[in-house]
Protein chains: 2
Amino acid sequence: MLTSQQYLDIVNRALGEIEYPAWLPGLYEPIKYTMEGGGKRLRPVLLLAVNDAFGGEIDQCIWPAVGVELFHNFTLVHDDVMDHADMRRGRETVFRRWDLNTAILSGDAMVSMAYKCVSGCPPMFLPEVIDRFGVMTMKVYEGQQMDADFELAQRVSFNEYISMIIAKTSALIAYPCSIGALIAGAQPDEIEAIFNFGTSLGIAFQMMDDYLDVYGDPKTFGKEIGGDILNDKKTWLYIIAQDQDKDSAFENARKLDGKEKIEAVTAVYDNLKLREYGDRLISKYTDDAIAYLNETSISEAGKQWLTDFAHNLLHRNK
Amino acid sequence: MLTSQQYLDIVNRALGEIEYPAWLPGLYEPIKYTMEGGGKRLRPVLLLAVNDAFGGEIDQCIWPAVGVELFHNFTLVHDDVMDHADMRRGRETVFRRWDLNTAILSGDAMVSMAYKCVSGCPPMFLPEVIDRFGVMTMKVYEGQQMDADFELAQRVSFNEYISMIIAKTSALIAYPCSIGALIAGAQPDEIEAIFNFGTSLGIAFQMMDDYLDVYGDPKTFGKEIGGDILNDKKTWLYIIAQDQDKDSAFENARKLDGKEKIEAVTAVYDNLKLREYGDRLISKYTDDAIAYLNETSISEAGKQWLTDFAHNLLHRNK
């Protein structure tokens, strides 16, 4: 196994090889801008590491890894339109810096670029890689639609929430894991195990994101604390607080505005001990993920690497 | 060769097999609505006919044909957002009937569905089919960007116009032709010839569309006559009139509004004999297209079918 930084270097080198034709800046500049905006490249790094852990040759899955990163970044470009978001990674969103039509069209083009990269896998794996990648994209769209539907719903169950984040967040982790394993020549049951690793890791990752919106360190979180609270987003904290709201404390807190609302809702969460509950819940899904590694034949070094990756991912910014 | 109606029946039967999961209507209803909105299915019919003309087995390219139709319809959904269009094929656009976010997300999902269908080609052709399909999608986006750039340009040359419509319009005809030939096992030079057939046909098709905006029969054109004139769209008529505008008649006509503007600009076009010039230009590109058929080994019946198709396409609604 290489270090995270080494996998990252490989990903960044390949990303640097993408061409953005200069003759049509209206289409390609926003794509270049987006791809140069940084980000942790978690998904392609994980794809390469899984491939390596299964004894694959990294060269064979660099382009699929880049394709996953392109697709992930495309989702951000279109999401920012749908969410009217002004800023992303400390810079203006494409939608704001250019305009709506530019964000739509450049985003669309990024999907084609992603498919092109993904198609750079060894030909013998192409049918299954394209299929898995395509199913992944549909899961992400389904998750986004469920998330949008939740906004209008009076009440969302914890199970519905889990289904939504499995589609919206886990798919973009689980499918890349399975593609990495597939290209390494892993067997179906091992591919399924590493897919499940990615699914549980994705659930923990999204739950941590919800958690950090309330309990994160403003200095390192990267977003304003309490954004989800202000927007009445159906996070797991919201869902549990609503379920257990016997004295209407949560309902009343939600009626407030601004800083007052954030403080009051956080106080309800504190009373319900959601901070501690969240720690346990996130640890549980992380442990579930790591347990799936034992259903694979990957080396101890590979298991250790992926275990460390999971722990690092979920103790970020706490 | 079958009749156009028979190819169309095959396409419609396959389109009818697409599943639109009922559990997530917010995502799938707009897609179903779009695909059930009719349209002539020109591109998939042509793909099947080209395949048949090259002696292919139609079964092998039904799904790529459906994929092309899905992609074409996706471009309409996102185009209608970018153009703020209210109506399409006599019905509200997705953007109007639902909302912006629905049009973006459903459109995105249609692209994935299109790739999935295209991947249903015989595995031995998959790498090249996916590549051609992907290049086609990028050409369409590039054409759309060029078209958008033209709106802001003071002056566009005839050659720039041709480059734009080759990307925006011809790509969605030429690449499907080449995919049909490829899956029939045609040789590279024949694939190139049928691609060129599609490119010239697409140029003629777009020129006819520009022409009908001015000289079409309002009863059969399907859109209001003069829409391009009101929007100062850089059609070939606009470009030639601007080039030859020695006495500023065109410039002055363009300063008018509404019905007056349409009449005055049309009068300039009439004076420049653009109606007759257009007939000759469109005939020339159509003849070019048909001439390319002689560079292929397809049967006389196949050539006749494609020749008739070209003639029918370009004498529509006149």
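This is a predicted model: local features need pLDDT of at least 70, side-chain atom pairs count only at pLDDT 80 or more; totals for chains, interfaces and linings use all residues.
**View 1. The contact between chain B and chain A.** Chain B contributes 32 residues to this contact, and chain A contributes 31 residues. About 3000 Å² is buried between the two chains, and carbon and sulfur atoms give 72% of that area. On the side of chain B, the residues that lose the most area to chain A are B:Met82, B:Leu105 and B:Gln145, which together make up 19% of what that side buries.

**View 2. Polar pairs across the contact.** Between chain B and chain A there are 8 residue pairs in polar contact, counting pairs with both residues at pLDDT 80 or more. The count of salt bridges between chain B and chain A is 0.

**View 3. Helices of chain B that face chain A.** The elements of chain B that each give two or more residues to the side touching chain A are helix H2 (25-35), helix H4 (62-82), helix H6 (100-118) and helix H7 (126-152). H7(B) supplies the largest share of that side, with 12 residues. By residue class, the side of chain B that touches chain A holds 20 nonpolar, 9 polar and 3 charged residues.

**View 4. The largest nonpolar core and A:Tyr269.** This core has 234 residues, and A:Tyr269 and B:Tyr269 are those with the most contacts inside it. Leaving out residues up to four places away in sequence, A:Tyr269 touches A:Val214, A:Tyr215, A:Ile229, A:Thr235, A:Leu237, A:Tyr238, A:Ala241, A:Phe250 and A:Leu274. In soluble globular proteins, nonpolar side chains tend to be buried together.

Terms used
Residues are numbered from 1 along each chain as its sequence is written. Chains are lettered from A and ligands numbered from 1 in the order in which they are written. Side-chain values use heavy atoms; hydrogens and water are left out. Contact means heavy atoms within 4.5 Å. Buried area is the accessible area (1.4 Å probe) that two parts lose on being put together, summed over both. A salt bridge is a side-chain nitrogen of Lys or Arg within 4 Å of a carboxyl oxygen of Asp or Glu. A polar contact is a pair of N or O atoms within 3.5 Å; within protein, one must be able to donate a hydrogen and the other to accept it, and residues adjacent in sequence count only if both atoms are side-chain atoms. Helices (H or I, at least four residues) and strands (E, at least two) are DSSP runs, numbered from the N terminus. Ala, Val, Leu, Ile, Met, Phe, Trp, Tyr, Cys and Pro count as nonpolar, Asp, Glu, Lys and Arg as charged, and the others, Gly among them, as polar. A nonpolar core is a set of buried Ala, Val, Leu, Ile, Met, Phe, Trp, Tyr and Cys residues joined through side-chain atoms within 4.5 Å. Buried means under 20% relative accessible area, exposed over 50%, partly exposed in between (1.4 Å probe, protein chains only).
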